[in-house]
Amino acid sequence: MFQKFDSRTSPGDAAPRLALLRAAMAQTGIDAFLVPHSDEQQNEYLPADAERLSWLTGFTGSAGFCIVTGTSAVLFVDGRYTLQARNQCDPASFAFADLVSAGPAKWIGDNASDMRIGYDPWLMTMAQEKSFLAAAGKANARLVATENLVDRIWKDRPQRPSGNASIRDAALAGQDVAGKLAAITDKVLEAGADAVILSDPASVCWALNIRGSDIAHIPVALSWALIPLEGKARIFMEGQKLDAATQAHLEAHCEIADPASLAADLRSIAEGRKIMADPALVNTAIRDAIVEGKGEIVERRDPVVLLRAIKNEAELAGMREAHLRDGIAMTRFLAWIDRQDVSSLDEIGAATRLEELRRETAAAAGSELCEISFDTISGFGPNGAIVHYRVTRETNLAFAANALYLVDSGAQYRDGTTDITRTIAIGEPEADAVNDATLVLKGHIAIATARFPKGTRGIDIDVLARNALWREGKDYAHGTGHGVGAYLSVHEGPQSISKRGMEELRPGMILSNEPGYYRTGHYGIRLENLEIVRNSPDFPGFLEFECLTLAPMDRRLVAIGMLTAREREWWNRYHSRVLSMVGPHLDANDRQWLEQACAPL
């Protein structure tokens with residue numbers, strides 16, 4: 001099993017750990033200390049040794065921030081984690097605040113009068129520093145770079161990961177390393193720079209056609225790269241991660257250096273050079289090393305971000321193959337759920353069976369389940385209302401009749417990354433649940449059938465997913481869609497469908513389509529497929545979506561009378577496609593189940 005179900009933290013640990021941190025703060029002469037959910041490279045999902053926020057607070061979500069003072073501690077989380085943070089953290093130790101509308105910088109500006117605020121420069125990006133400096137100036141406070149005080153008190157901190165790196169097959173990558181480096185240096189030249197520093201491991205791995213195993217569920221090797229206009233690139237990665245073939249692959253294009261030498265190397269080569277750096281990804285320690293070496297920073301977005309977001313034909317072909325295989329596994333799972341006695345099911349058992357079916361299905365197709373793409377969100381009843389719920393042995397709920405089960409899951413295959421959510425009726429769902437599920441379905445269909453002119457951004461179409469819910473005074477506190485990598489991170493920018501989705505949507509981008517609705521204490525509903533942005537074949541200058549995901553939706557959660565004729569037509573067309581593509585790969589029992597699930601409305 002890739003997924004583990006043990007509790008990683010305990011609320012009772014927070015008070016003694018906060019006391020240790022406050023003692024370290026007093027020794028260092030600071031009044032407050034910043035604890036972000038980040039590592040030196042701003043990964044969304046962190047290696048175990050970088051889970052400082054989780055270790056200190058008990059909160060295990062992927063987005064959060066804590067400010068600790070001598071007398072208080074404030075934990076900031078976004079709308080996905082409001083319920084989770086309160087469930088996981090000691091309310092006597094922490095106050096809670098919204099990460100988006102009332103974030104750490106605002107708190108500093110309003111509450112940090114005359115404070116000396118300590119931070120780890122390896123964990124603060126250049127962009128974050130600007131906002132914190134402005135807030136500190138408002139409060140007459142001062143930012144003070146220090147060692148990481150959490151590391152000082154974390155005595156059983158895990159070791160740094162050293163998983164093996166491997167070569168990405170050129171047939172799956174669709175472009176060789178030389179071509180990718182040329183595309184990157186074109187962007188460097190456009191920016192008027194001499195080199196670019198890549199801090200995001202996903203960018204490094206994409207650029208050099210490698211993958212890794214340092215972070216659970218995300219196939220990246222922790223590394224940095226310096227790519228100059230002239231001469232060889234330099235990758236900063238521990239040599240023990242490389243077998244002979246991977247080392248030779250890299251050495252054809254790069255010098256290999258130890259990550260421990262990163263700052264010193266940048267100081268030694270920076271003089272007289274303009275180095276392109278993404279202010280949202282590059283930390284202030286790296287920036288300071290370049291400046292101390294008499295180099296100049298050119299602030300630009302990581303040039304790989306957009307290059308890897310626009311998939312080439314080989315990557316799209318791999319994603320289609322991965323999604324067919326995954327759709328077969330998901331359909332087998334949905335059929336299995338329906339055949340079980342309700343009393344035999346629970347959240348862990350369901351998540352375990354889904355992973356088993358993915359592994360079996362991949363092996364039968366001559367492929368391999370390399371990983372799951374994130375911890376499966378397996379939420380029955382009220383747990384489904386916790387947007388990013390992670391089941392543990394302590395929270396595991398047994399199923400019962402007449403309720404909803406939400407399962408959001410994905411897989412990592414060598415040819416692609418998947419992400420799918422289905423909400424399933426267990427028994428006879430209540431009328432309110434069917435109504436809400438149909439509103440979510442209407443939003444999903446509105447995105448799936450959208451046609452829009454080139455130049456449209458995610459923010460411009462986000463309202464389509466929400467309109468049916470808004471008409472009944474309902475909404476959801478997360479984005480409608482995120483980008484997805486090709487055997488890389490399941491959450492990838494710069495594209496999104498959200499209230500903050502400012503990136504133009506371009507052909508070849510892949511996004512999720514996942515509106516939802518969450519009734520606290522009762523149920524959660526989310527419906528997610530992945531979509532490729534493509535040129536409209538019928539309307540020049542317009543774009544539309546091609547659906548990647550192939551698995552049925554639960555017709556028991558559809559109030560047919562609420563759907564328009566066009567919405568019913570979409571449902572029938574989608575399910576006819578699922579039946580024709582998935583059905584031939586199923587045994588007789590599962591195929592019979594799928595035929596019933598895909599019967600026209």
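Me: Which element supplies the largest share of the lining of the largest cavity?
Reply: Helix 16 does, with three residues. This is a predicted model: local features need pLDDT of at least 70, side-chain atom pairs need 80 or more, and totals for chains, interfaces and linings use all residues. Residues are numbered from 1 along each chain as its sequence is written, and side-chain values use heavy atoms, without hydrogens or water.

Me: What makes the largest space a cavity?
Reply: On a 1 Å grid over the protein atoms alone, a 1.4 Å probe fits there but cannot get out; lining residues have an atom within 4 Å of a point. The largest cavity holds about 120 Å³, the space filled by probe spheres set on its points, which are joined across faces, edges and corners. Among the 13 lining residues, T423, A437, L527, D554 and L557 are closest to its centre.

Me: How do you know that strands 17 and 20 pair?
Reply: Pairing takes at least two DSSP bridges. Seven bridges join strand 17 (403–409) to strand 20, so they pair. L404 stands opposite A425 in strand 20.

Me: Why is one side of strand 16 and of strand 20 left without a neighbour in the sheet?
Reply: The sheet is open, in the order 16-17-20. Strand 16 (377–380) and strand 20 (420–426) stand at its edges, each with a single partner strand, so one side of each has no neighbour there.

Key: Helices (H or I, at least four residues) and strands (E, at least two) are DSSP runs, numbered from the N terminus. On a 1 Å grid over the protein atoms alone, a cavity is a set of points where a 1.4 Å probe fits but cannot get out, and a pocket is an open set with protein on both sides within 12 Å along at least five of seven lines; lining residues have an atom within 4 Å of a point.
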